[in-house]
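Please read the following walk through one structure, which moves from pairs of charged side chains to the surroundings of a ligand.

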Amino acid sequence: MHQSFINFRHYRYGLIAGVASLITLVTYLLDRPRVPPNGGTWLGYTLGTIAALLVIFLALFGIRKRSFRSTIGTAIGWLSAHVYLGLAALLIATLHSGMHFGRNVHTVAYVLMCLVTLSGCWGVYAYVSFPGAMMQQRGNLRRSEFLRQIAELDSSSLELAESISPQMTQLLAEGARRTDLGGGNLWKQLRSRDESTLLLGIGSAPRRSSLVSNANQRALIRTLAEIRPGRSSSEVALSSVQKLLELAGSKAVLLQRLRRETQFAALLRIWLFLHVPLCCALLAALCIHVVTVFLYW
Amino acid sequence: MLDSNFDLVIVGAGPGGLSAAARAGQQGMSHVLLEAGGAHANTIQQYQQHKHVMAEPSVLPLRSDMEFAAGRREAILESWERGISRAKVNIKYHCEVTAIRGARGNFEMSTKSGVSIRGKHIILALGVQGHPRRVTVPGGDLPCVQYTLESADALRGETIVVVGAGDAAIENAIALSRSNSVILLNRNSGFPRAKDANAARITRAISAGRIKCFMHAEVRSVQASDARANGRQASDNSAGAPYRMVISTQEGERTLAFHRVIARLGAIPPRQLVESIGVRFLSSEADALPELSSQYESTVPGLFVIGALAGYPLIKQAMNQGFEVVEHLLGRAVAPADHDILRDKFRILRGGSDVERIVSLIHKGLPIFRGIQMLALRELLLVSRVVTPGKRSSIFARGDYASSIFNVLRGEVHLEAGGGAPMILRGGQLLGEMSLISGRPHETSALAGADCILLETPHSAIRKLLRTEQSVRAYIDTVYSLRALRLLLMPHASPETIHALSKAVSLHRFAPGAEIFKEGDPIERFYLVRSGSVALSRRTGEQDTVVAYCAANSFLDALGCLSGETTRSLNAKSMVATEALSIDHASFKALLKADARLAAKMDAERTEQLTQYAHMQARPKAGNVFSYLMSHGLGEATSVLVIDETLCVGCDQCEKACAATHEGVSRLDRSAGPSLHSLHLPTSCRHCEHPHCMRDCPPSAIHRLPNGEVYIDETCIGCGNCEENCPYGVIQMAEKTPKTSLFEKLMRTKPAETVKTAVKCDVCASLKGGPACVRACPTGAAIRIHAEDVLELARQRAVALE
Ligand SMILES: Cc1cc2nc3c(=O)[nH]c(=O)nc-3n(C[C@H](O)[C@H](O)[C@H](O)COP(=O)(O)OP(=O)(O)OC[C@H]3O[C@@H](n4cnc5c(N)ncnc54)[C@H](O)[C@@H]3O)c2cc1C
Ligand code: SF4
Ligand code: SF4
């Protein structure tokens, strides 16, 4: 029932692209031009035209993706075609060049095309493997569910802390407030570093209190673990501290999973920031390439 | 006013009561209008501020001395206020009537404040909102006990006791728990009355300690605390709480200190009051209507019932009725307000201008309606259509989803199933009942014969009758059994055989999740599923493996019944509310022996079931996936969005597409909803076989198209009933910007109204290519499936998971 853009309609576009590539390749190998193969032979021109048209078609996907009312195919069909024909286009363009490279705009266009295809391949890899991996590691929890559970852990800890002492309450309230949930800008999401902090030494003179990193709740767990039965603390308080430690541990695990999830989501988006501008650059270079070719004809 | 005597006493100053009183005032009739609240039209006062009130049904003319046209709530209330003084309405506020005694000419009413009032006639226009059930213990009338919560955000840092276990109590408790400490008192142990989503939320909140809950708890008394008692309380924010209550729990009595009680114990329907004086209702069902004459007179002479309480849930209807009853009391004959509309409808009939005659002909001529009240019939006719299909033209086609039933008024209709001669239906007969019951597409095609005239009635209107009118139910049940036996079981049999067989048929109703039979039970009956769906499973080792799924119009465990075994080898459990017909197994076997064609048909059925079982049994995991999908309503879905999480990259193209094609409001929430086995069910309409949302839509604004799609049209008045009734939480009440005229745009007059209407997925009916969400998904993660595909999806998923 479900089909992915890879096996869409039994690999329809894969087959089309494969056959097209094969034909071009065979023609290229059979072709015996008077000069060494290059963009200027009749085959070179034909392949060049095909490749250019393909690039335009590939770029149109960006528009089709946003035309929600369009009845020209479906998004999945377009993506499937985009992926397979994109690969074919690179092959055709390579053959079109006849492996003549130099320091010129033509080669720039070719290199850009390689980069676009490369970033696209990374995109395909991400699309194929990340969703499954993401699912594996988040189980059946969604982002909102993570946040809810974390909030729940916080409020349970606070409630416990209130029964211990005002300092404890403040410590935990501060900890909860300074928890880094892994949001922020794309770079932060990708880096996935826990920037939670904790304010230690609350209640002492203001200058003596210090802000330390609380990555993976480590600082909080250490602080809690260092509490020794003192004069004021009773049996009850100690068992509450034990409970607080457990809660902090669970929170650390949840935060880590949430961060991984965020990172995956960012990875699924980031490559587009490369793919799309590169594609625009390619289109520009392609125009120049075509114009110059015709000027020097 | 004490012991005053009036010609007419009107109870309830909603639109119905106001309109009646205005007529009486205008005509100088001695009257009084008693209103429980401190202002007129309590129900309308409680609408959301600036609500755009609609004047549906738009075809119905208004007959009243009060003004009413679609517009802002405030403007309407003001115009009624003016109407009250202009028509010299004698209105008394804070007069809640608690008892009615006496008979025509000498009724006596007592009110809560102890006043009693006499009147010759009574009009009851109480509406259906009812009164909140009160806390009746000592101290229950203290100001700290409230029955509504205006805004949870306005309260902070208080200890609040919420009493109740329904949706309202849960929603309030959760909203309040954000900035207050909340204690929930539940008389029972679970939350069976609440929606599943709410029950899950509150259970989580309780286990996380955000809400404290006492089960099996009841309030015993409430009182103001004395200051010293508080001092001993511990450090929580109930310190200094001004009130205390004693509650009983299973562990004995406890005392709670608190600031406020929110009691959400449900409403007492006004029916009790109405019944107490002897007004008969049509059935014992909760939403049954009172028995009324064509003049809205109840079974107690001199006592009239109008408006929502009489089963007319719209403002204009209530107002018209108020007017008509007073006219009737003044001795003037009034043609009902629907007269002209019906005349237009009947125009194509011979003698159609005599509306009364046609209505009574229909009443007598159509056995399905013979037992219902004239008023109910008129209301039904108002939403029905008279259609005259040309000879051989299609009335409906096999495979189409139905949205109405048809009664043959004249001529004939040919009903064609897969094989055999067509069944011929003539005047007085009904068609479309099978789809009405199953919620599935038509099993037959219907073609019009010569001179065919039909009455087409929408499902929503018929379903309302089915709920309230025993006679209609019985008639449809009989017709259904006869036709189902013939079409599904023995197309070749003679009408006599079918008739005899139908006598032996019994009807069973199963709640969702009910066990119909289990492995090892003796095979006693042969079942045909009539509506809903059933899962068949077999126990292998520790777990149940689902082997088959029976939808409406299929035979349950035909395999077992044909096997010659005496006990069941499968468990059968209903997935949603299910109905089934059955005949006893011995008669079924006798029938098989006598009828070779039936035996052959059943043999084919057996082969099919055997293959299916084999497929499923090989994949026990598929059963788990299946159960998960079924538990989220896919068993009644005609088109439901399922996202494969191993393909979804979270790009939200589906949501964007939905919003882009629907005035910027997405009707689906991709990230919400359950996920399991990497299948995610976003919060989005399932287009149910029996759409729960259609129940109780006052203007009947919810319809379904032949492709099964359920949609809401522009007559929606924004009452929110459908949002309440949909078990899958997919309807949102969304604000719409009302259309402004060019003049208004030029003058920059901003519309000061809020037009909130119900919106939900319409499977992109208006788009050529079909649902935008699916077409916009670039990875193929989003698909739409039908209940019948669930088993296959589960099987494929099991393969993928292995
Ligand atoms: C949210 C919402 C939106 C709606 N929008 C629309 C709309 O846009 N257009 C539309 O046509 N309809 C709308 N409706 C439906 C409409 O409100 C009702 O059909 C209409 O109010 C029914 O009028 P009524 O006179 O029968 O009863 P009500 O309006 O309910 O009035 C009953 C009155 O009786 C009083 N009363 C009750 N019991 C007693 C007693 N024992 N003693 C004395 N007085 C008593 C009540 O306080 C109340 O004032 C909406 C309903 C809701 C809930
Ligand atoms: S709105 Fe709810 S009840 Fe109505 S068809 Fe959709 S899912 Fe079913
Ligand atoms: S809110 Fe729902 S039930 Fe109410 S009128 Fe609109 S569609 Fe009908």
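Is Asp521(B) buried or exposed, or does Asp521(B) count as partly exposed? In this predicted model, Asp521(B) has a relative accessible area of 22% and is partly exposed. A residue is called buried under 20% and exposed over 50%, so a value in between counts as partly exposed.

The partner of Asp521(B) in a salt bridge is Lys518(B), with 3.7 Å from N to O. Lys518(B) is partly exposed too, at 38% relative accessibility. Side chains of opposite charge can pair when their charged atoms come close.

Another salt bridge joins Arg73(B) and Glu74(B), whose closest N and O atoms are 2.5 Å apart. Here Arg73(B) is buried, at a relative accessible area of 11%, and Glu74(B) is buried as well, at 18%.

A further salt bridge brings together the side chains of Asp65(B) and Arg23(B), at 3.2 Å from N to O. This pair links distant parts of the chain, 42 residues apart: Arg23(B) belongs to helix α1 (residues 15–26) of chain B, while Asp65(B) sits in the loop between β3 (52–53) and β4 (71–72). Arg23(B) is buried, with a relative accessible area of 11%. Both residues belong to a network of salt bridges that also links Glu327(B) and Arg332(B). Over all chains, the count of salt bridges comes to 43.

The last stop is ligand 3, which has 13 residues around it. The nearest are Cys697(B), Cys716(B), Cys719(B), Gly720(B) and Cys722(B). By type, the shell around ligand 3 holds ten nonpolar residues, three polar ones and no charged ones.

Key: Residues numbered from 1 in each chain as written. Chains lettered and ligands numbered in written order. Predicted model: local features only at pLDDT ≥ 70, side-chain atom pairs only at ≥ 80, totals over all residues. Heavy atoms only, no water. Near = heavy atom within 4 Å. Nonpolar A, V, L, I, M, F, W, Y, C, P; charged D, E, K, R; others polar. Salt bridge = Lys/Arg side-chain N within 4 Å of Asp/Glu carboxyl O. Helix = DSSP H or I, 4+ residues; strand = E, 2+ residues; numbered from the N terminus. Buried < 20%, exposed > 50% of the residue type's maximum accessible area, 1.4 Å probe, protein only.
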